[in-house]
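Then we'll walk through it together, piece by piece.

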Amino acid sequence: MLKKIFLAFASAALLAAPAWADPAPAREHMSHALAVTGKVATPLTLKVADLRQLPPANGGELAVTRHNGDKAETITSYKGVRLRDILDKAVLDAPGHNDVKKLAIIATATDGYAVVFSWGELYNAPAGEGIIVYYEKNGKALDEGDGEIGLISAKDIRTGPRHVKWLNGIEVRKLVE
């Protein structure tokens, strides 16, 4: 049952038009803050200055590839914060022994694009090291083409489908009781 619910969330998120599919900058989608909500003890609103106060996560060259394997862009470097460090600051609301295993983390953009992660990916797999909320790309602050805040899952085989430009929300949901 949990697997079916998670797959439904993941499928719905992946059917939305990806932010990277439209190459034109979209000033109306500019993100200025990241809201962390849902099953957390301390909901947060973080601006770039707040993200800079968290433990940094940096990465080198990264090819952003679309779902079909085509290259969308190459990021030469990025700077930000691991998503799990942000969630640790908000403190996951999972008091039961197995509650964390029932959590889905949904990252959303101002244009409605959304991607899904499981607690296991973030905290119990190598992928968690590379799920980064970033505010600098190629040595510069993000511009209107990316929003002030973005997210990349750098250890995905195809990085594009979970590359979120204009990131403005992280919601933690418990999938089943």
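The protein chain has a mean pLDDT of 85, and 85% of its residues reach 70 or more; pLDDT is the predictor's confidence in each residue, from 0 to 100. This is a predicted model, so local features need pLDDT of at least 70 and side-chain atom pairs count only at pLDDT 80 or more, while totals for chains, interfaces and linings use all residues. Residues are numbered from 1 along each chain as its sequence is written, and side-chain values use heavy atoms, with hydrogens and water left out. One stretch to treat with care is residues 5-20, where pLDDT stays under 50.

Two strands pair if DSSP finds at least two bridges between them.

Zoom in on β1 (residues 34-38): β1 and β2 pair in the antiparallel sense over 3 bridges. Within that pairing, Val 36 has Leu 44 in β2 as its bridge partner.

What does Val 36 touch? Leaving aside residues up to four places away in sequence, its contacts include Leu 44, Ile 86, Leu 87 and Ile 170. Contact means heavy atoms within 4.5 Å. Val 36 is also among the residues with the most contacts inside the largest nonpolar core, which has 35 residues. A second, separate core of 10 residues includes Ala 57 and Tyr 78. A nonpolar core is a set of buried Ala, Val, Leu, Ile, Met, Phe, Trp, Tyr and Cys residues joined through side-chain atoms within 4.5 Å.

Finally, visit the loop between α3 (83-90) and β7 (103-109), where Asp 99 lies. Is Asp 99 buried or exposed? It counts as buried because its relative accessibility is 12%; buried means under 20% relative accessible area, exposed over 50%, and partly exposed in between (1.4 Å probe, protein chains only). Val 91 lies in the loop between α3 and β7 as well, and it has a positive phi of about 65° although it is not a glycine.

Definitions and conventions:
Helices (H or I, at least four residues) and strands (E, at least two) are DSSP runs, numbered from the N terminus.
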